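This report covers helix packing, the contact between the chains and the domain arrangement. The sequence and the structure come first.

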Amino acid sequence: MLPSYYEFHNPVKIISGNKALDNLPSELEILGAKRPMVVTDKGVAGAGLVKIFIDSFGSSGMTIGAIFDDVPPDSSSEVVEKITSIFRQNQCDSLVALGGGSVIDTAKGVNILVTENSDDLLKFSGAEVLRKKMKPLVVIPTTSGTGSEVTVVAVISDVKRNIKMPFASTYLLPDIALLDPRMTLTLPPKMTAATAMDAMSHAVESYINLQKNPMSDAYAVAAIEIICENVLKAVSDGNNAQVRLAMANASTMAGIAFSNSMVGVVHALGHAAGGICHIPHGVAMNIFLPFGLEYNLPKCRENIGKLLLHIAGDEVYARTPESRRAEQTINYIVELRKALNELCGLPINLKQAGVTEDKLSEIAQAAINDPSIVMNPREMDVNDALAILKKAF
Amino acid sequence: MEEIKGFSNKIIEINLTDKSWSVSEASIEDRKMFLGGKGLGMKLLYDRLKPGVDPLGEDNILIIMPGVVTGTGAPCSGRFEAISKSPLTGIIATASCGGPFGIQLKTAGYGGLVIRGKSKDKCVVWFDHNTVEFRDATDLWGLDTVETQERVLNSSKTESKKEATLAIGPAGENLVRFANISSGHRFLGRGGLGAVMGSKNLKAVVAKGSHYKIVPAEPEKFQKVKKKATQFIKNDAVTISLGKFGTATNVKFVNKEKMLPVWNYSFGDHEHAFRISGEMIKEKHDTKVHTCKPCSIMCGHKGTFNGKESPVPEYETLTLLGSNLGVFDTNAISRFNDICNKAGMDTISAGGTLGWVMEAVEKGLVSPDLFVSSKNSKPNELSANENSSDDLDKTQSGTRKYSLMFGSINGIEEALESIAKGEGFGKEMGLGSRALSHKYGGKGFAIQVKGLEMAGYDPRGSYGQGLAYSVANRGACHLSAFLVSFEVLLGLLKPDTARSKPEFVKFVEDLTCSVNALQTCQFTMYAYTLQPMLTKYTPKFILKNMMLWLPEVAMTLFDFSIYPDLFSSITGIKMSSKEFLKSGERIHVLERYMNTREGIRGRDDVLPDRMLMETIVRDKKRRIVPLKEMLAKYYKLRGYNEDGIPIDKLLKKLKIPSQPSYSV
């Protein structure tokens with residue numbers, strides 16, 4: 001059903017292809033950039049991706065202003081400040097984020113400080129605080145999951161104050177998302193699986209929650225189809241560039257979807273479990289996704305049932321009686337998780353992920369206070385959350 | 001220890017009605033013509049069983065036969081055969097098993113066991129070389145196959161080694177039409193022979209053997225043949241793969257060729273197929289050898305499933321109770337396998353029947369409300385939702401509704417248990433897919449032939465297998481002529497053509513019958529026919545072309561002389577390859593003839609509509625089995641008339657008496 005009112009926004013230019021990276025210098029030029037600063041991490045550098053990146057500049061004449069390759073797995077205000085200072089010292093005029101969620105969020109943080117000419121990130125934390133158009137930002141994701149290359153948000157922790165600062169603003173949207181399979185070929189199977197299930201949970205939650213709209217739906221279902229068709233191949237044959245590119249596309253599409261429709265209980269539980277027990281986000285998404293759907297079933301059976309077409313294909317959809325489609329959707333996800341677990345050991349319950357039972361109450365409490373819960377189709381109280389956690393244990 | 005040179009023609013005949021027993025003698029002529037095992041057993045049944053008897057009535061007869069190879073120490077010589085009339089199909093059923101009973105039967109001095117009549121009370125038959133005891137089985141009734149065997153075996157360890165059992169579980173007792181008979185951890189799987197035992201109130205048979213030693217008539221020749229046979233087995237790639245990964249080694253190529261039964265044979269492949277492959281199972285479940293004894297191929301394995309040691313489900317179980325139901329979770333399939341094994345049920349027919357039920361629910365032919373199980377059943381894997389039909393229904397005396405849906409493991413354990421117990425709709429499911437489709441409709445997707453559910457190879461990818469399924473004597477059985485091996489596994493015979501299939505189906509049927517009459521494992525057929533020099537060194541492209549265009553000539557390139565050599569070195573009876581193959585033909589035709597006396601005609605040599613009219617989903621070649629054109633030629637080659645009945649001339653040629661003697 002068409003919502004009576006909705007907004008959808010995605011101005012990010014997507015460049016996708018086997019050698020998409022080669023377009024980077026000319027794209028930067030179009031954006032008016034002359035001295036980009038590159039933000040990346042040791043993992044990316046160690047995998048030789050920075051070299052591919054530098055090679056792409058070739059004889060373009062573009063100068064790389066600076067490279068910072070030490071972003072930690074959790075982006076922090078300290079690192080953002082450090083990079084900001086390097087950016088300024090080297091008179092850079094734009095940013096290129098080469099990495100996963102943490103690198104991209106860090107680059108977004110740096111962009112806030114250099115644009116606002118400030119050294120205090122906290123001032124800009126919150127929703128729609130930012131008011132200025134930012135420096136050019138090109139994002140080259142090296143995982144296929146977070147969707148940060150197309151989202152309006154960033155999360156950066158303030159270590160001194162021990163808080164996580166959320167930022168949400170359309171100004172945070174990168175200018176370009178560059179999807180090149182060479183950037184994800186070396187992603188290990190377990191990471192590939194975890195990030196894919198992160199993307200899957202973005203798309204699925206986007207499709208069933210209260211802020212869904214026809215635009216986000218289109219992106220969500222397209223992402224789901226590509227993920228379901230490619231995820232097992234990506235995990236078992238990581239060197240297949242076509243499959244990697246497909247997964248990168250799916251992740252970006254899922255990002256566009258949830259960035260416009262928001263997520264739900266799966267993310268709420270995942271954020272809480274991540275915060276308290278440090279479970280990687282993708283792992284948490286994989287664990288909670290079917291349980292979250294099952295919890296939401298009474299409120300959105302039809303929407304979950306419709307997903308079957310995109311998850312399992314037209315033959316299975318047509319054959320499954322309407323009354324059982326939602327269950328079959330959940331069942332497909334359950335079996336997909338098992339397959340991934342068998343292929344690469346991706347945990348399918350909290351115990352396997354190292355969570356101890358005594359933490360469940362604390363996670364439940366944190367989950368019901370997580371902002372992701374707002375757009376979930378079914379209200380969740382602490383007992384509901386605890387019941388889901390016990391099942392997922 | 002006394003010796004039996006080669007074989008014994010003494011048949012122990014037990015009548016359960018009056019608890020009497022006697023020993024008869026099979027003729028040497030029958031031994032030569034029917035070899036033993038399935039063959040001689042078929043002849044014994046022909047001479048004893050009148051057509052038209054109720055398979056579950058007093059007049060049905062169950063025959064258990066070792067072969068001349070059984071117990072000799074030749075490779076894969078632990079096998080024996082059962083022959084009876086099937087309560088599932090209403091025609092002759094045969095089953096082969098690698099359990100310990102065959103060797104004990106033979107070393108008790110017998111070349112066969114005939115069980116007839118019906119016991120008034122629940123009983124166990126115990127026998128050794130010179131006595132028979134009829135023991136009370138009241139306390140055993142209701143026990144599963146494992147407990148039953150433990151209880152009936154002698155408690156003394158030394159003595160128990162000399163004893164072996166045939167036992168049924170609750171499924172046999174409750175006359176599930178596809179109940180099987182266990183012997184050790186192996187089974188006489190197909191055709192519902194467990195229900196035949198159950199109908200006779202016979203819970204178990206114990207043979208105490210080890211009284212005689214089986215020695216070959218020509219020891220030197222036997223040792224030479226045995227050595228050669230062992231070498232062939234060691235060198236053959238297909239056989240090695242079976243030893244390494246078990247029968248699940250077939251999953252990969254079957255999936256690749258779109259022949260994997262998925263969702264009741266609607267799809268031919270699945271992206272999760274790797275989860276049930278032999279390679280994955282070996283890696284994930286830490287498998288070890290767990291075979292028939294003695295065995296040189298080692299295809300049977302056990303491994304760790306659900307935290308405990310269990311047999312690795314065979315290919316057929318992985319497909320029929322797995323992929324065919326959309327299930328690829330090996331731990332779950334192992335649980336289904338355990339339920340069937342303990343209850344004593346054929347996993348192929350159980351899976352084929354559940355496949356039909358799931359589709360019938362989809363199509364609205366069967367109401368999901370029928371699925372109610374006893375209160376002991378477990379909650380589902382995911383069962384939180386309010387609207388689910390899976391919730392415990394406390395108002396109805398603690399029963400619980402369960403659901404059956406392709407792709408979901410939920411409900412399958414409950415369904416299998418309700419079949420074994422004969423509870424509620426389980427009782428109807430226990431009649432098999434043919435009976436269900438007659439009652440509820442949906443014959444076109446009842447994947448069975450002559451009442452026997454099809455094995456796990458979709459014939460649309462292997463036309464010869466399609467013909468073989470349609471004409472196999474016991475129903476849609478892959479072991480009558482496993483054409484998949486030539487057509488797909490070995491790539492010797494173009495699979496999607498009718499050409500030369502009738503010839504090869506007949507050839508393989510005849511050879512298989514002889515192998516099952518020896519009796520040794522059918523899996524020796526790869527090594528014994530492919531490793532001899534003539535076959536091995538004929539260039540593949542020549543062999544392929546000859547098989548396609550000159551099938552009769554190509555057949556002469558398959559040197560299977562090791563089988564008649566085994567027979568003659570053990571028995572001292574001369575046997576050429578030609579005679580050996582002719583024995584197979586005789587056995588096959590006799591079985592067909594017996595079936596025609598039960599009413600089988602050409603109209604019964606069919607395939608499910610799905611294989612004849614629907615293509616496999618996403619099969620670009622859009623294949624359907626061209627059965628009609630193959631069938632006409634097959635009848636002609638066989639010497640059947642147009643209605644599929646063996647003509648008198650054929651019976652005379654094969655020296656099959658058109659009227660049995662009924663002398664016994």
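## Helix packing and contacts

Helix 13 of chain A and helix 14 of chain A are oblique to each other, since angles under 35 degrees count as roughly parallel, over 145 as roughly antiparallel, 65 to 115 as roughly perpendicular and the rest as oblique. This is a predicted model, in which local features need pLDDT of at least 70 and side-chain atom pairs count only at pLDDT 80 or more, while totals for chains, interfaces and linings use all residues. Residues are numbered from 1 along each chain as its sequence is written, and chains are lettered from A and ligands numbered from 1 in the order in which they are written.

Axes are lines fitted to C-alpha atoms, for helices over the stretch in contact, and angles run from 0 to 180 degrees between N-to-C directions. Helices (H or I, at least four residues) and strands (E, at least two) are DSSP runs, numbered from the N terminus.

| Helix pair | Angle | Axis separation |
|---|---|---|
| helix 13 (360–368) and helix 14 (382–392) of chain A | about 130 degrees | 8 Å |
| helix 7 (214–236) and helix 10 of chain A | about 45 degrees | 7 Å |
| helix 2 (37–46) and helix 20 (501–518) of chain B | about 90 degrees | 4 Å |

In chain A, V221(A), I224(A), E225(A) and C228(A) of helix 7 meet L307(A), H310(A) and I311(A) of helix 10. The residues of that contact of helix 7 with helix 10 divide into five nonpolar, one polar and one charged.

Helix 10 of chain A (residues 281–312) also holds F288(A). F288(A) counts as buried because it has 28 C-beta neighbours inside 10 Å; the cut-off for buried is 20 or more, exposed is 12 or fewer, and partly exposed lies in between. Leaving out residues up to four places away in sequence, F288(A) touches V266(A), L269(A), G270(A) and A392(A).

The contact between the chains takes 22 residues from chain A and 18 residues from chain B. On the side of chain A that touches chain B, helix 10, helix 11 (314–319) and helix 12 (325–344) each supply at least two residues. Helix 12 of chain A gives the largest share, 10 residues. By class, this side of chain A has 10 nonpolar, two polar and 10 charged residues.

An automatic or database assignment divides chain B into domain 1 (2–215), domain 2 (262–443) and domain 3 (452–653). The centres of domain 1 and domain 2 of chain B, taken over C-alpha atoms, are separated by 29 Å. In their contact, 30 residues of domain 1 of chain B meet 23 residues of domain 2 of chain B. Helix 6 of chain B gives the largest share of the domain 1 side, three residues.

Note on methods:
Two residues are in contact if their C-beta atoms, placed from the backbone, lie within 7 Å. Ala, Val, Leu, Ile, Met, Phe, Trp, Tyr, Cys and Pro count as nonpolar, Asp, Glu, Lys and Arg as charged, and the others, Gly among them, as polar.
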